[in-house]
Amino acid sequence: MSAKPLQPLRVLAIANQKGGVGKTTTAINLGTALAACGERVLLIDADPQGNCSTGLGITRQQRRTTLYDVLMGESPVVDAAVSTSLPGLDVVPADADLSGVELELGQTARRSYRLRDALEPLRAGGPYSYVLIDCPPSLNVLTVNAMTAADAVFVPLQCEFFALEGLTQLIRTIERVRGSLNPHLEIQGVVLTMYDKRNSLSEQVAKDVRAHFGDKVYDAVIPRNVRVSEAPSFGKPVLLYDLKCAGSQAYLKLAREVISRERARLSQAA
């Protein structure tokens, strides 16, 4: 196991209650890009579909221990983490068993704090500098656990007509979690995804989002890119599938921005 990182662990929930916005794609490729920049990253697949795990090439046979086991108190996070093909990037995988968590936890005490409690040993001194949680596209016990465990929410936002409507729902959810479970939860940043420079609607959505959220919106914009779409079918992040494509370069730019923001936040807090 690696030595403790110099910076405190930063836990980001990658969330948007609207489906199809590039959330899992962003989780996979941001995690990969951060690792490529020298960070130690743990991706947590909190969606029972397990697409984040599949997109990183984690086979069903490798998912002997999953997030389900962690949330049910049957395994520590570090024992559930599986190494990926990229050094510095591990994943806690998911499978269909995760869909039963809400029913099985029922009204169990601290059911919304299960993931937060599981991550405490990593905060005390683990090998990772970032934990990225890929949330399901709905408000359920998994999303609530992710937001309760997180320091901040990272929001992928598709450049299309209903984008801001979905974002309004997400902000309400964040406010509810902040009010009852995690008073320090904030929006870490918004990244525009599926941007098509040939489409005037993409430009208008980007303009509206930047007007509303100001410097919370990253300069990096993730374009519509066929290589990004193809990569998951090969079980690879796009950076390993085609490093030189526009999508890979955009995610590297995004990772550098994330690191820069985090360093600025730490220097201000010092």
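This is a predicted model: local features need pLDDT of at least 70, side-chain atom pairs count only at pLDDT 80 or more; totals for chains, interfaces and linings use all residues.
Q: Which residue in S4 does leucine 42 stand opposite?
A: S2 is also joined to strand S4 (residues 89–92), and the two run parallel, with four bridges. In S4, leucine 42 stands opposite aspartate 90.

Q: How many of the residues of strand S2 are buried?
A: In a regular strand the side chains alternate between the two faces of the sheet. In S2, Val41, Leu43 and Asp45 are on one side and Leu42 and Ile44 on the other, and both faces are covered. Buried here means under 20% relative accessible area. Strand S2 (residues 41–45) is mostly covered, and the buried count is five of its five residues.

Q: Which helix gives the largest share of the lining of the largest cavity?
A: Rolling a probe the size of a water molecule over the atoms shows where empty space is left. The count comes to one cavity of 30 Å³ or more, and the largest cavity has a volume of about 50 Å³. Its lining includes Thr25, Ile28 and Asn29. The largest share, three residues, comes from helix H1 (residues 23–36).

Q: How many charged residues are in the lining of the largest cavity?
A: The lining of the largest cavity includes Val228, Ala231, Pro232 and Lys236. By class, six of the lining residues are nonpolar and three are polar, and the charged number is one.

Q: How many polar residues are in the lining of the largest pocket?
A: The largest pocket has a volume of about 240 Å³. Of its 16 lining residues, Gly22, Lys23, Thr24, Thr25 and Asn51 lie nearest its centre. The elements that give two or more residues to this lining are H1 and helix H2 (51–55), with the largest share, four residues, from H1. By class, the lining has four nonpolar and three charged residues, and the polar number is nine.

Q: Which helix gives two or more residues to the lining of the second largest pocket?
A: The second largest pocket has a volume of about 170 Å³. It is lined by 13 residues, of which Thr25, Met194, Pro223, Val228 and Ser229 lie nearest its centre. Two or more residues come from each of strand S7 (186–195), strand S8 (217–223) and helix H10 (226–230).

Definitions and conventions: Residues are numbered from 1 along each chain as its sequence is written. Side-chain values use heavy atoms; hydrogens and water are left out. On a 1 Å grid over the protein atoms alone, a cavity is a set of points where a 1.4 Å probe fits but cannot get out, and a pocket is an open set with protein on both sides within 12 Å along at least five of seven lines; lining residues have an atom within 4 Å of a point. Grid points are joined across faces, edges and corners, and a volume is the space filled by probe spheres set on the points. Ala, Val, Leu, Ile, Met, Phe, Trp, Tyr, Cys and Pro count as nonpolar, Asp, Glu, Lys and Arg as charged, and the others, Gly among them, as polar. Buried means under 20% relative accessible area, exposed over 50%, partly exposed in between (1.4 Å probe, protein chains only). Two strands pair if DSSP finds at least two bridges between them.
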